[in-house]
Amino acid sequence: TSIELLKEVAVGHGPTSVCQYKGSTYIGNKGGIVHRVDQAGNVVNDFIVHGNRWISGIAAFRDKLYLLIYKHKPTAHAVSVYDLEGQQCQNWDIDDETTDFFRVFAVCDDSVILANRPKKEFQIYTLTGILTRTVKCGLLSQSGVYLSQLEQNSVLISNDDTQPKFFKVNVENGTVEWQSEGGTIADASPRGVAAYC
């Protein structure tokens, strides 16, 4: 019922994504840099430097950091995998056919799940970047989709469409298992979603 600011930590300008894992917080920015902040608030600047690209999303799974990378010119998207020491382990290109690409992926159940909005489908990759299947999902809007891992085989979606809502979607078959009640989110376009408890 209340929020109290305990500490502020400076991590450079243009943060675009954040992920907490094993006591550290990882912040990606639009300059292609990931900063790491420990529990005491100490900042490791330039923990990962990926070059002139946006870090559009960060997810952690089994001691690896998965970065969703977006480059403006030429338009290109990729997933890059790093270990917890900041060393790159894997990289692969992806196809979304859009000019903006924010927080539309999740990592769960040994899979990297990406939302291809124009095709209204999930693309399911192995943890090493092999596309294993696609699953149709008509709820994926063209304007903005934000994913969060919910539990095994399902994700939580906030859909930034004409009537924004939250949905729980089974990524095995694309079915909606739950959606928010009571209409739309008033006067807001959701910019992100996270599952808690």
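Two strands are said to pair if DSSP finds at least two bridges between them. Strands (E, at least two residues) and helices (H or I, at least four) are DSSP runs, numbered from the N terminus. The model is a predicted one: local features need pLDDT of at least 70 and side-chain atom pairs count only at pLDDT 80 or more, while totals for chains, interfaces and linings use all residues. Residues are numbered from 1 along each chain as its sequence is written, and side-chain values use heavy atoms, leaving out hydrogens and water.

**Stop 1: the sheet.** Select residues 76–83, which are strand β7; eight bridges join this strand to β6, and the two run antiparallel.

**Stop 2: Leu 67.** Select Leu 67, in strand β6 (residues 64–71). In β7, Ser 80 stands opposite Leu 67. Is Leu 67 buried or exposed? Leu 67 is buried, because its relative accessible area is 0%; buried means under 20%, exposed over 50% and partly exposed in between, with a 1.4 Å probe and protein chains only. Residues up to four places away in sequence aside, its contacts (heavy atoms within 4.5 Å) include Val 34, Ile 48, Tyr 82 and Phe 105. Ile 55 is also touched; the C-alpha atoms of Leu 67 and Ile 55 are separated by 6.5 Å, although the two are 12 residues apart along the chain.

**Stop 3: the cores.** A nonpolar core is a set of buried Ala, Val, Leu, Ile, Met, Phe, Trp, Tyr and Cys residues joined through side-chain atoms within 4.5 Å. Which residues touch the most other members of the largest core? They are Phe 122 and Val 155, in a core of 29 residues. Another core, of 14 residues, lies apart from that one and has Tyr 26, Phe 47, Ile 58 and Ile 69 among its members.

**Stop 4: two aspartates.** Select Asp 46 in strand β4 (residues 43–49). Asp 46 has a positive phi of about 55° although it is not a glycine. Then go to Asp 63, in the loop between β5 and β6, where phi is near 60°, also positive. Asp 63 counts as partly exposed because its relative accessibility is 32%.
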